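Reader: I am new to this structure and would like to understand the terms used for it. Could you take me through them with care?

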Amino acid sequence: MYANGTTTEADVELAAVRFVCELFARNRHLSEGAAIREAPGEVLDAIRERGVPAQGRPLDEVVLEMERDVIGYGYNADHARFLGFVPGPTTALSWLGDVIAAGYNRHAGSFANYPAGCVAEEGVLSWFCERAGLPAGASGGLFVSGGSMANLTALAAARDAVLGEGDWERGVAYVSEQTHSSATKGLHVIGVPRDHVRVVPCDDAFRMDVAALERAVAADEAAGLRPIVAVATAGTTNTGSVDPLREVARVCRAHGLWMHVDGAFGASVLLTRHRGMLDGVELAVFDNV
Ligand SMILES: Cc1ncc(COP(=O)(O)O)c(C=O)c1O
């Protein structure tokens with residue numbers, strides 16, 4: 001604060017950081033209150049009516065309002081008894097990385113822009129590759145904003161690896177009944193027609209039926225189509241089931257298609273002593289076409 005009482009930028013930053021720290025200190029994210037709180041209509045109406053503020057307001061007031069009227073409603077996935085679906089809870093430190101990244105807002109669009117950041121990214125990617133048991137030399141990749149973007153990116157890579165540009169309409173992709181919807185959405189975005197996406201049935205443990213996958217691939221090949229990718233999942237969203245990765249890889253290898261493993265929910269198991277659950281994930285390499 002300046003001597004004349006004016007608030008400085010640093011005051012604002014400190015107040016915002018203090019706000020988040022206090023939230024954690026009160027353990028609000030873990031166990032306070034209900035895990036799900038419906039927002040009363042009048043709260044939402046007040047937010048709508050406020051619109052985009054034309055006038056600045058004291059930060060404390062805004063922060064309190066934020067806590068009371070905005071963050072306080074909806075699903076609190078951080079709550080100790082919130083078992084509804086998969087978003088991971090925050091930890092006491094995980095938010096700090098986001099604060100630093102947003103605060104500095106380094107542009108990482110090229111190596112020259114942000115050399116040390118790129119080197120750090122490469123290092124973490126190599127570490128992930130090694131944890132997944134991928135062959136030496138498999139260290140490429142990039143961090144994306146989440147599972148949907150990861151699926152989209154990998155599926156585009158699969159299409160480009162298998163099909164020439166004039167040949168896209170022959171491409172066929174395989175998902176299972178339990179595959180996350182973002183994979184099918186990604187296939188649509190990259191131009192795979194909806195009637196070229198095969199939904200392979202699952203067994204009674206919600207794992208892809210690999211015999212059915214192989215039959216579908218063979219039928220498409222016989223029809224003159226070109227199988228491009230089978231999407232296996234390491235931890236399906238609904239049940240946590242893991243597709244038989246080794247078997248899916250065998251089919252992909254035999255028929256020359258890309259094996260994509262969606263690990264958005266379950267791949268973190270590679271960092272634990274249960275990593276054997278993902279046996280076969282290391283076969284998701286594209287050396288067969
Ligand atoms: C298996 C799986 N794949 C992809 C996604 C999509 O991830 P995101 O919401 O980060 O885009 C999810 C989200 O729950 C998921 O469980």
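Author: What follows is a set of questions and answers on this predicted model.

Reader: What makes up the secondary structure of the protein, and how many of its residues count as buried, as a percentage?

Author: The protein has nine helices and six strands, and of its 289 residues 31% count as buried. Along the principal axes, the C-alpha atoms fill a box of roughly 80 × 45 × 40 Å.

Reader: How do you know that the count of disulfides comes to zero?

Author: A disulfide needs two cysteine sulfur atoms within 2.5 Å. The sulfur of Cys252 is 15 Å from the closest cysteine sulfur, which belongs to Cys202, and this is too far for a bond. Cys202 is therefore in no disulfide, with the sulfur of Cys252 as its nearest at 15 Å, and by this rule the count is zero.

Reader: Why are Cys202 and Cys252 called buried?

Author: The word applies under 20% relative accessible area. Cys202 has a relative accessible area of 16%, so it is buried, and Cys252, with 2%, is therefore buried by the same cut-off.

Reader: Why is Val99 called partly exposed?

Author: Partly exposed covers the range between the cut-off for buried, under 20%, and that for exposed, over 50%. Val99 has 36% relative accessibility, so it counts as partly exposed.

Reader: Where is Val99 placed, and which residues make the nonpolar surface patch?

Author: Val99 is in helix α4, and the patch, of about 580 Å², is made by Val17, Leu93, Leu96, Val99, Ile100 and Tyr104. Helix α4, which runs over residues 94-104, gives the largest share of the patch, namely four residues. A residue needs over 30% relative accessible area to belong to a patch, and the 36% of Val99 is therefore enough on that count.

Reader: What makes up the largest nonpolar core?

Author: This core has 25 residues, and those with the most contacts inside it are Tyr174, Leu213, Leu245, Val248 and Leu278. The elements that give it two or more residues are β3 (171-176), α8 (210-222), β5 (226-233), α9 (245-255) and β6 (258-262), and α9 supplies the largest share, five residues. Apart from this core lies another, of 16 residues, among them Leu155, Val175, Ile228 and Val229.

Reader: Which residues is Leu278 in contact with, leaving aside neighbours within four places in sequence?

Author: With those neighbours left aside, Leu278 is in contact with Ala234, Val242, Leu245, Gly266, Ala267, Val269 and Leu270.

Conventions:
Residues are numbered from 1 along each chain as its sequence is written. This is a predicted model: local features need pLDDT of at least 70, side-chain atom pairs count only at pLDDT 80 or more; totals for chains, interfaces and linings use all residues. Side-chain values use heavy atoms; hydrogens and water are left out. Buried means under 20% relative accessible area, exposed over 50%, partly exposed in between (1.4 Å probe, protein chains only). Patches are made of residues with over 30% relative accessible area and no salt bridge: like charges are joined within 9 Å, nonpolar side chains (Val, Leu, Ile, Met, Phe, Trp, Tyr) within 5 Å. Accessible areas come from the Shrake-Rupley method with a 1.4 Å probe; for residues, only the protein chains shown count as cover. A salt bridge is a side-chain nitrogen of Lys or Arg within 4 Å of a carboxyl oxygen of Asp or Glu. A nonpolar core is a set of buried Ala, Val, Leu, Ile, Met, Phe, Trp, Tyr and Cys residues joined through side-chain atoms within 4.5 Å. Contact means heavy atoms within 4.5 Å.
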